[in-house]
Amino acid sequence: MRGKKETIKTEIKTKTETAAGKRAAASGKTAAPVKRVRKQAAKAVKKEPDNSGVSLRKTPARTGTSRSKKAKAAQNLKIFPIGGLNEIGKNLTALQYMDEILIIDCGMSFPNVGMYGIDVVIPDFTYLVENAAKILGVVVTHGHEDHIGAIPYLLKRINAPVYGTRITLGLIENKLREHGIVADLKPIQAGDTIELGSFKVETVRTTHSVADAICLYISTPAASLFHTGDFKIDYTPIDGEPIDLKKFAEIGDRGVDIMLADSTNALRPGFTKSEQHVAEALDGIFGKAKGRIIIATFSSNVNRVQKIIDLTHKYGRHFAVSGRSMENVVALAQELGYLKVPAGCYASLEDMHSLPDSKIVIITTGSQGEPMSALARMANDAHRSVKLRKGDMVILSSTPVPGNERSVSDVVNRLYDKGVEVIHNEIADIHVSGHACREELKLVHSLIHPHFFMPVHGESRHLVEHGKLAVTLGMPKENVFILRNGDQLSVDHEKAVKFEQVVSAEDVLVDGLGVGDVGNVVLHDRELLSTSGLLVAAAVIDRAAGELVSGPEIVTRGFIYVKEHEDMVLELADQAGSAIQERLTAGITDFTEIKNHMRDRLRHYIYEHTGRSPMILPIVLDA
């Protein structure tokens, strides 16, 4: 391994320095000996002959140019981020060694405000489909949507086994069942080692806002890689299974060529609070509540659901669940043993009607303000079983995911309008992040002390700031690589080289049953319809006689209210008819030419008289 190789060749890593590095790692600081090791190792590498003719300090990657195809074919580890960079969500990374490909995670993201009618966004599988025969499997770090949500769409295109912990695979299986897919799901657990071709994958226990999250140490003949997945350092998790920092340190001592690390909270100082902090805050709230408690949280946060159930039992209440995803996850977590429900604590929503309000807790979906979620339906008086009333307490145990702030705010305001007591993160500490803040990131960097570093899982600002953080810990700036989706980073024990836009990594939009059939043109039309409305002008002509036979008829949607603008509608019909007749009189009977002339005449008239630009759809038929 590289660590051993450097010890023999450069004689720079003494036992005293190693011990100092371990002590520094335990304290979260980078010791001077560790810095010297890194710097001397970098110097030693530069002295080695570079057969590619590329310097570490000035690679083609830094200038945005590409090297020859021969360089790309070298025996190194290629890293292809296909999703998850410069964005929140849609995480997918492909690793390739020779003719073998290993996929890490396969997630989705939610559409932004300009993606009208789009359900979800998934990664571009073009490269993976083209190289399907090389794919050894998919290893999943944890069960959040942004890491598993696109797996059904991938497995419709390729056939590959999926590796994950039990609850992660359970969540994936629920999704596959909805799509009618049967897949090869292979359970693993933290501490396991699996060999897939030339890839040796060791799984390490970590802590996150979903149970059984893991990170990965992956060895190949060319290079070793450590992938943190999404994580935070929680010393007191609800399930009593803290992050395995001892294993982190052991892996760091073995030697890591490159680390890929979660950057979501790279801008936040300090440490992320423990889940126990939320438990204590909720305990105080439950103790004061007099009426019904309706609490919304992420269904995948099984540990928080467990704490809510524990508090329900502690205060002599009964709980019910509402929302399809919450019902599915609670049933799955119980079946797999991740949730412990005290006898007699659970009651159905129907049973709640026979209980006094002081004995009721309802755990629900809707913490992100989703329009069709159970909480949103309660706020709109549209829920079949739960009608909110004064005396109820509604708790939103979450913070809005970027992009959902407006939806959450709308739901909160409707809850206030109903006169219920609303408790959210701006009022009480009832949510903590599942991602590491800067001091935790420093600790992991100090324990792993990789040769190269590639920030992942974050927007541009997160990736850049995480890269800067690594430099403050002593990593040479040229050893930090900021990539975009579709780039390639080729790594071996001695060097790393970046190539730009090697594979296709466009957003693929899912609209109903359609996958990828909605593009920018359609989205532009939808935006125009949503902002300016539609006007249809339909007419029938006799091309042989060169006459207008019928119409034009004017129909509008979202442009003007016809009953209040009858004069304008008549004028629009006259304008369209005049445009048609002009072309027919000139002997022009081509439908496209007539329709374009109609559109131009109507657009000019409408803008001159209203200042608006609706979508105009001319229809011309032959008699």
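This is a predicted model: local features need pLDDT of at least 70, side-chain atom pairs count only at pLDDT 80 or more; totals for chains, interfaces and linings use all residues.
Helix axes here are lines fitted to C-alpha atoms over the stretch in contact, and the angles between them run from 0 to 180 degrees between N-to-C directions. The crossing of H19 past H20 is right-handed. On the H19 side, the residues making the contact include Met568, Leu572, Ala576, Ile580 and Arg583, while H20 brings in, among them, Ile594, Met598, Leu602, Tyr605 and Thr610. Sorted by class, this contact comes out at eleven nonpolar, four polar and five charged residues.

Elsewhere there is an open sheet of eight strands, running S7-S6-S5-S3-S2-S1-S19-S20, with mixed pairing. S7 and strand S20 (496-499) sit at the edges with a single partner strand each, so one side of each has no neighbour in the sheet. From one strand to the next, the twist averages 20°. Strand S5 (residues 135-139) pairs with S6 in the parallel sense, over two bridges, and Val139 has Tyr163 in S6 as its bridge partner.

Helix H9 packs on this sheet, where it touches S6 and S7, and its direction makes about 165° with that of S7. H9 (residues 166-179) has 14 residues and spans 20 Å from first C-alpha to last, close to the 20 Å expected. Its buried residues include Ile167, Leu169, Leu171, Ile172 and Leu176, but also Asn174 and Lys175. Just past the end of H9, Gly180 adopts a positive phi of about 70°.

How values were computed
Residues are numbered from 1 along each chain as its sequence is written. Side-chain values use heavy atoms; hydrogens and water are left out. Helices (H or I, at least four residues) and strands (E, at least two) are DSSP runs, numbered from the N terminus. The expected span of a helix is 1.5 Å times one less than its number of residues. Buried means under 20% relative accessible area, exposed over 50%, partly exposed in between (1.4 Å probe, protein chains only). A crossing is left-handed if the near helix is turned anticlockwise from the far one by less than a right angle, and right-handed if clockwise. Contact means heavy atoms within 4.5 Å. Ala, Val, Leu, Ile, Met, Phe, Trp, Tyr, Cys and Pro count as nonpolar, Asp, Glu, Lys and Arg as charged, and the others, Gly among them, as polar. Two strands pair if DSSP finds at least two bridges between them.
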